[in-house]
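Please view the sequence and the structure below, and then follow the points by topic.

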Amino acid sequence: MPFEYTTATITHGFMGRKTEEIDREELTTVLNEHGADGWELDRILLDVSFHGEKDGHLLIFKRAA
């Protein structure tokens, strides 16, 4: 079955203060928003360096295409 994917980010916050943890409230919000649109969490990559953005955590979602 083919899937389509999308991503979301949770950045490390102001001056990198959230580098060692995931903000549970922000994680819950992102999961609920994407879940309401039919997306299923596929994986979380911690401490990713984003081009042109603050570093953070990358959430990858998938759903049947």
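Setting aside neighbours within four places in sequence, Lys62 touches Phe3, Glu4, Tyr5, Gly38, Trp39, Glu40 and Asp42. The model discussed here is a predicted one.

- Lys62 counts as buried because its relative accessibility is 18%, and the cut-off for buried is under 20%.
- Seven of the nine residues of strand 3 are buried, so the strand is largely enclosed by the rest of the structure.
- Across from Lys62 of strand 3 stands Tyr5, which is also one of the residues in contact with Lys62.

- Three strands form an open sheet in the order 1-3-2, and their pairing is antiparallel.
- Strand 1 and strand 2 lie at the edges with a single partner strand each, so one side of each has no neighbour in the sheet.
- On average, neighbouring strands of this sheet are turned by 20 degrees against each other, with direction ignored.
- Strand 1 (residues 3-11) and strand 3 run antiparallel and are joined by nine bridges.
- Another position of strand 3, Gly56, has Thr11 opposite.
- Strand 2 (residues 40-48) also runs antiparallel to strand 3, and six bridges join the two.
- Leu41 has Phe61 as its bridge partner in strand 3.

**The helix on the sheet**

- Helix 1, made of residues 24-36, packs on the sheet and touches strand 1, strand 2 and strand 3.
- The direction of helix 1 makes about 155 degrees with that of strand 1.

**The nonpolar core**

- In soluble globular proteins, nonpolar side chains tend to be buried together.
- In this model, the largest nonpolar core consists of seven residues, namely Ala8, Ile10, Leu27, Val30, Trp39, Leu59 and Phe61.
- Strand 1, helix 1 and strand 3 each contribute at least two residues to this core.
- Apart from neighbours within four places in sequence, Ala8 is in contact with Val30, His34, His57, Leu58, Leu59 and Phe61.
- Phe61, a member of the core, is also the bridge partner of Leu41.
- Trp39, another core member, is among the residues that Lys62 contacts.

Note on methods
Residues are numbered from 1 along each chain as its sequence is written. This is a predicted model: local features need pLDDT of at least 70, side-chain atom pairs count only at pLDDT 80 or more; totals for chains, interfaces and linings use all residues. Side-chain values use heavy atoms; hydrogens and water are left out. Buried means under 20% relative accessible area, exposed over 50%, partly exposed in between (1.4 Å probe, protein chains only). Contact means heavy atoms within 4.5 Å. Helices (H or I, at least four residues) and strands (E, at least two) are DSSP runs, numbered from the N terminus. Two strands pair if DSSP finds at least two bridges between them. Axes are lines fitted to C-alpha atoms, for helices over the stretch in contact, and angles run from 0 to 180 degrees between N-to-C directions. A nonpolar core is a set of buried Ala, Val, Leu, Ile, Met, Phe, Trp, Tyr and Cys residues joined through side-chain atoms within 4.5 Å.
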